[in-house]
Amino acid sequence: MNICVVGAGYVGLVTGAVFADLGNEVVVVDNVPDRVLMLQAGHLPIYEPGLEEMVARNVSDGRLSFTTDLPGTVRRSVIVFIAVGTPPKTNGQTDLSAVEAVAQEIGRAMDRYIVVVNKSTVPVGTGEFVREVIERHQRQPVPFDVVSNPEFLREGSAIEDTLRPDRIVIGAPTQQVAMTLLELYAPLERPMIITDVPSAEMIKYASNAFLATKISFINAVANICELAGADVTQVMKGMGLDARIGPAFLQAGLGYGGSCFPKDTDSLIHTAATLGYKFDLLRAVVDVNAGRTIHFLSVIERALAPMHTRRIAILGLAFKPNTDDMREAKSIDVITRLIDLGATVCVYDPVAIPNARKVLPTLVEYADSPYAAATGADGVALITEWNEFKFLNLERLRGVMRQPIVFDGRNLWEAERMRRLGFEYYSIGRKPLRRS
Ligand code: UGA
């Protein structure tokens, strides 16, 4: 099948690469010429495990290519995926200007029937909006259909999630249109839900909002555990074994960041309000998440004040492990506050440092290993639970620090082990271990 994917971001690149890997002819279109040149030269603008190899393989087999020519590509395609960014506006509303611009171009370009598929995360009602925009910009009346096919991939495991999704959601105006998408996805042999367009759009937001709710719920429970002397990791295990609850997304910590949960929760609150419903439950989820770094910083300040005399090492900068994405990363808030308090901050991350340099305060120092970051530090704060931190030589780490104090924002290490190794250890939703 000839497929056009508009947008060479996370979703567009991964989707394009996977469809090409399944044997389709895929052209990924982007309106940033530098990005396209970079991709044509075999360089990826993002870090995602397995993606580079998959892109290279399909480019060399001639099934995947990159261009800025949207009209030409649309005219050669059966299905056109819209996978462009939908950033938030300051009031939480989703900015649909990129989606609108692409729909206009598709409308102007199309000269025969195509299926236009919304893969970008867009508020309920956007399918109808895209249909209207395309119709208004057509040079000649050509029939087309708009389908909602939300994406559920996670950064860091995007390829695996796209090849083996829990479900594929297809929101189509008719069964016949749904069949085109069904055929495309059939080789994956995964469960498919065929529904109407608005329901598909809601499935995406409701899913992300629910996962964010699980995270904020366990983080609120972690706060109570700290006050009550309970251990949230045990509570989580006990809850997660109930099949109705499940252990996923019940990891207490610094809360959720990234380009999806923060913006999608705000967007759903905004959409609900526009439709006349006050989504207080989701508002509380957002508020609990906003409180996470404040709480973590208060623990650091209580242990280390006065901060202007302190040197702090930060381990992990990306919003989560296995990505170099710094969008809404908790590290930004923590580091900015520590610098404001006058502390010296030295940071390390396995892959996110180039992106971090663009967003962190200029006073931040960068290290090329966790041990270099911790050298002479009064405290180490773990922000992102990269696997390499789990297997650190903690004795070596303690040996290079000025005093062995660790603030574990993701409960990565076992408290008992930290105590044995002589650390003063603060974590989330568990009793602090002070040195005697
Ligand atoms: C999320 C969803 O998981 C995907 O299904 C969805 O497709 C994507 O948003 C999207 O809408 O595009 P992503 O943002 O890549 O994916 O990352 P997640 O793995 O969901 O993590 C989000 C945040 O929650 C991270 O900051 C992570 O550290 C945090 N988190 C996750 C926790 O604090 N606790 C947990 O138990 C799980």
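Colleague: What should I know about the model before reading local features?

Modeller: The model is predicted, so that local features need pLDDT of at least 70 and side-chain atom pairs count only at pLDDT 80 or more, while totals for chains, interfaces and linings use all residues. Residues are numbered from 1 along each chain as its sequence is written, and side-chain values use heavy atoms, with hydrogens and water left out.

Colleague: In which order do the six strands of the open sheet lie?

Modeller: Strands of a sheet pair through backbone hydrogen bonds, either parallel or antiparallel. Here the order is 11-10-9-12-13-14 with parallel pairing, where two strands pair if DSSP finds at least two bridges between them, and where helices (H or I, at least four residues) and strands (E, at least two) are DSSP runs numbered from the N terminus. Strand 11 (365-366) and strand 14 (424-426) are the edge strands, each pairing on one side only.

Colleague: How many bridges join strand 9 to strand 12?

Modeller: Four bridges join strand 9 (residues 311-315) to strand 12 (residues 379-382), and Ile314 stands opposite Ala381 of strand 12.

Colleague: Which strands does helix 12 lie across?

Modeller: Helix 12 (residues 280-304) lies across strand 9, strand 12, strand 13 (405-408) and strand 14, and runs at about 170° to strand 13; axes are lines fitted to C-alpha atoms, for helices over the stretch in contact (heavy atoms within 4.5 Å), and angles run from 0 to 180 degrees between N-to-C directions.

Colleague: Which residues around the ligand are the closest?

Modeller: The ligand is surrounded by 20 residues, the closest being Phe152, Leu153, Lys204, Asn208 and Cys260; a residue is near if one of its heavy atoms lies within 4 Å. Polar contacts are pairs of N or O atoms within 3.5 Å, and a ligand oxygen atom is 2.7 Å from a polar backbone atom of Leu153, with a ligand oxygen atom also 2.9 Å from a polar backbone atom of Gly257. Taken alone the ligand exposes 710 Å², of which the protein buries 90%, by the Shrake-Rupley method with a 1.4 Å probe. Helix 9 (197-228) and helix 11 (261-275) each give two or more residues to the shell, and helix 9 gives the most, with three residues.

Colleague: Where do Pro306 and Glu189 lie?

Modeller: Pro306 lies in the loop between helix 12 and strand 9, and the peptide bond from Ala305 to Pro306 is cis, with omega near 5°. Glu189, in the loop between helix 8 (175-185) and strand 8 (192-195), has a positive phi of about 50° although it is not a glycine.

How values were computed. A polar contact is a pair of N or O atoms within 3.5 Å; within protein, one must be able to donate a hydrogen and the other to accept it, and residues adjacent in sequence count only if both atoms are side-chain atoms.
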